[in-house]
Amino acid sequence: TDTAGNTAIDDNSGVCYAFATLDQPDYFTELFTSNDNDLRGRAILFRPDGSGDFYHACSEAADAFFTDPSGGTVLSLGDDSFAAVTLTGGAQVRLYGTPYSDFYVGSNGYVTFTMGDTSYQESLANHFSRPRIAALFDDLNPGAGGTVSWKQSADRVAVTYANVPEWGAATTNSFQIELFFDGRIRLTYLDVAATDGLAGLSAGQGVPADFAESDLTAYGSCPVPADFDGDGDTDLSDYEYFQMCFQGPNRPCLPECVPADLDHDGDVDLADFTVFQRCFNGPNRPPACR
């Protein structure tokens, strides 16, 4: 029966039909409602991968912020407030492929785009109401303690919430949102006292009709950039692989060379070599870039 009331029946002569459904989309959002917030000591990285979900997510343990917030610009945020941030040098960040040169940092644990937000109730409706990256969407109050700061570097901008309490509580929360200029997004959590909250990404198009909650800490482990042979370092053996994959700009990346597309723009060119150089550290040495 369709919306106009037209009805048809087909029983396939009594034989069962077979059909395939699409995979459940991942909207990379988790709402903690049963004192089940398990984000403490974890980092979740979202990397654009051209799939229907837009991102591939991975998770790993974290005991320090990947971007040192020292020297950053401290934002004066009170309870339920926001502050605008404008990137310098023509830099842009991206959320679901849309570029932005500015964004808004909310006191309640999120970054929004196109407009600021003061919402303190971590509901799905509020989260998906506008383009948003929620690290810990909760009723936080930086006006009562802690600091919120932002820091731009060569390849990213990081927004750090350090020792920020929930409203009316003495316990604090420390977490960071990193927006890479190549489109990646990373959420890193150190001490998280909140047992509720919401975390994830929103394209700002309302709650999806087929929304299913994600489990952000259950994604597979994150690979080390430019460690193509998976031995934990970036050395000459990785360079041999990169050299084999190098083709130059605007030439489609070969399927077997996707890991060498380090800036995720579909080709392997000098921009990727620049990233490789930054990551190169020689054999048996810990990762030089993350």
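Biologist: In which segment is the place of Ser13?

Modeller: This is a predicted model. Ser13 has a phi near 55 degrees, a positive value in a residue other than glycine. Its place is in the segment before β1.

Biologist: Is Ser13 buried or exposed?

Modeller: Exposed means over 50% relative accessible area. Ser13 has 73% relative accessibility, so Ser13 counts as exposed.

Biologist: What is the relative accessible area of Asn12?

Modeller: Asn12 is also found in the segment before β1. Asn12 is not a glycine, yet has a positive phi of about 55 degrees. Asn12 is partly exposed, with a relative accessible area of 26%.

Biologist: Why is strand β15 described as largely enclosed by the rest of the structure?

Modeller: Strand β15 covers residues 197–203. The strand is largely enclosed because, of its seven residues, the number buried is six.

Biologist: Which residue in β15 is the bridge partner of Leu31?

Modeller: Strand β1 (residues 29–32) runs antiparallel to β15, and four bridges join them. In β15, the partner of Leu31 is Leu198.

Biologist: And which residue in β15 is the bridge partner of Arg132?

Modeller: Strand β10 (residues 131–137) is joined to β15 by five bridges, and these two strands run antiparallel. The β15 partner of Arg132 is Ser202.

Biologist: Which residues have the most contacts inside the largest nonpolar core?

Modeller: The largest nonpolar core has 43 residues. Apart from it lies another core of 13 residues, including Cys245 and Cys289. Inside the largest core, the residues with the most contacts are Phe46, Phe103 and Val105.

Biologist: Is Glu60 buried or exposed?

Modeller: Glu60 is found in strand β3. Leaving aside neighbours within four places in sequence, Glu60 is in contact with Gly41, Arg42, Ala43, Phe66, Cys222 and Arg290. Buried means under 20% relative accessible area. At 15% relative accessibility, Glu60 therefore counts as buried.

Biologist: Which residues are the closest to the centre of the largest pocket?

Modeller: About 760 Å³ of space lies in the largest pocket. The pocket is lined by 33 residues. Those closest to its centre are Arg47, Pro259, Asp261, Leu262 and His264.

Biologist: How many residues of the lining of the largest pocket are charged?

Modeller: β2 (42–48), β3 (55–61) and α3 (270–279) each supply at least two residues of that lining. The lining includes 17 nonpolar residues and four polar ones. The number of charged residues is twelve.

Methods:
Residues are numbered from 1 along each chain as its sequence is written. This is a predicted model: local features need pLDDT of at least 70, side-chain atom pairs count only at pLDDT 80 or more; totals for chains, interfaces and linings use all residues. Side-chain values use heavy atoms; hydrogens and water are left out. On a 1 Å grid over the protein atoms alone, a cavity is a set of points where a 1.4 Å probe fits but cannot get out, and a pocket is an open set with protein on both sides within 12 Å along at least five of seven lines; lining residues have an atom within 4 Å of a point. Grid points are joined across faces, edges and corners, and a volume is the space filled by probe spheres set on the points. Ala, Val, Leu, Ile, Met, Phe, Trp, Tyr, Cys and Pro count as nonpolar, Asp, Glu, Lys and Arg as charged, and the others, Gly among them, as polar. A nonpolar core is a set of buried Ala, Val, Leu, Ile, Met, Phe, Trp, Tyr and Cys residues joined through side-chain atoms within 4.5 Å. Buried means under 20% relative accessible area, exposed over 50%, partly exposed in between (1.4 Å probe, protein chains only). Two strands pair if DSSP finds at least two bridges between them. Contact means heavy atoms within 4.5 Å.
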